[in-house]
Amino acid sequence: MAGPDSREVSFLAAARGRCPVCGQGKLYKGFLKIAPECSQCHTDFQTADTGDGPVVFVILIVGFIVCFGFMITALSHDWPLWLHMIIWLPLALVLSLGLMPPLKGLMVASQLKNRVNDKDRFK
């Protein structure tokens, strides 16, 4: 892959939690905490601030899946409300937690690709 100056990024690597530039270093320091820089190619990740962008996509995707699934099962089966709660609430939680890191990685990769710099924005 190319160096950090040419900004050729790998969206697949970012979705897997790796550096979008080199594909080797870790993108995250914790579950959702972006590392300050790549440990391999030293790309600065602090310039990319994802904000609430990934959360909006997670809400839309998970909300559609869970609401659609709930409506289909509610109309086709006569389940009690507690059974719906046992099925759909944990599914929403698991899908949300599962989708958040890849979508946040994709957002960081797109900001690096488009050379978005939020570092000096609030000075």
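Contact here means heavy atoms within 4.5 Å. By that criterion, and leaving aside neighbours within four places in sequence, Pro20 is in contact with Glu8, Val9, Ser10, Ala14, Leu27, Phe45, Ala109 and Leu112. The model is predicted: local features need pLDDT of at least 70, side-chain atom pairs count only at pLDDT 80 or more, and totals for chains, interfaces and linings use all residues. Residues are numbered from 1 along each chain as its sequence is written, and side-chain values use heavy atoms, with hydrogens and water left out.

**Overall architecture**

- The protein has 3 helices and 0 strands, where helices (H or I, at least four residues) and strands (E, at least two) are DSSP runs numbered from the N terminus.
- Read from the N terminus, the order of elements is α-α-α.
- Of the 123 residues in the protein, 33% are buried; buried means under 20% relative accessible area, exposed means over 50%, and partly exposed lies in between (1.4 Å probe, protein chains only).
- Among contacts between residues at least 6 apart in sequence, 52% join residues at least 24 apart.
- The protein exposes about 7900 Å², and carbon and sulfur atoms supply 64% of this area; accessible areas come from the Shrake-Rupley method with a 1.4 Å probe, and for residues only the protein chains shown count as cover.

**Annotated transmembrane regions**

- An unreviewed UniProt entry carries the annotation "transmembrane region" for residues 55–75 and 81–103; UniProt positions are given in the numbering used here, feature names are shortened, and annotations may be inferred rather than shown by experiment.
- In the model, residues 55–75 are 100% helix and 0% strand, with their end C-alpha atoms 29 Å apart.
- Residues 81–103 are likewise 100% helix and 0% strand, and the end C-alpha atoms of this span lie 32 Å apart.

- Val55 is placed in helix H2 and counts as partly exposed because its relative accessibility is 33%.
- Val55 and Lys104 are 49 residues apart in sequence, while their C-alpha atoms are 8.2 Å apart in space.
- Leu95 belongs to helix H3 (residues 81–113) and, at 23% relative accessibility, is partly exposed.
- Not counting residues up to four places away in sequence, Leu95 touches Val62 and Ile65.
- From Met85 to Phe70 the C-alpha distance is 9.6 Å, for a separation of 15 residues in sequence.

**Nonpolar surface patch**

- A nonpolar patch on the surface is formed by Phe57, Ile61, Phe64, Ile65, Phe68 and Ile72, which together have about 590 Å² of accessible area.
- Patches are made of residues with over 30% relative accessible area and no salt bridge; like charges are joined within 9 Å, and nonpolar side chains (Val, Leu, Ile, Met, Phe, Trp, Tyr) within 5 Å.
- A salt bridge, in turn, is a side-chain nitrogen of Lys or Arg within 4 Å of a carboxyl oxygen of Asp or Glu.
- Ile65, one of the patch residues, is located in helix H2 (residues 53–76) and is partly exposed at 36% relative accessibility.

**The loop between H1 and H2**

- Pro20 lies in the loop between H1 and H2 and counts as buried, because its relative accessibility is 0%.
- Pro20 and Glu8 are 12 residues apart along the chain, and their C-alpha atoms are separated by 8.2 Å.
- His42 is in the loop between helix H1 (11–15) and H2, and its phi is near 60°, a positive value in a residue other than glycine.
- Most residues other than glycine have a negative phi.

**Cysteines**

- A search of the whole structure finds 0 disulfides, a disulfide being a pair of cysteine sulfur atoms within 2.5 Å.
- Cys19 is in no disulfide; the nearest cysteine sulfur, that of Cys41, is 3.7 Å away.
- Cys19 is buried, with a relative accessible area of 0%, whereas Cys67 is partly exposed at 49% relative accessibility.
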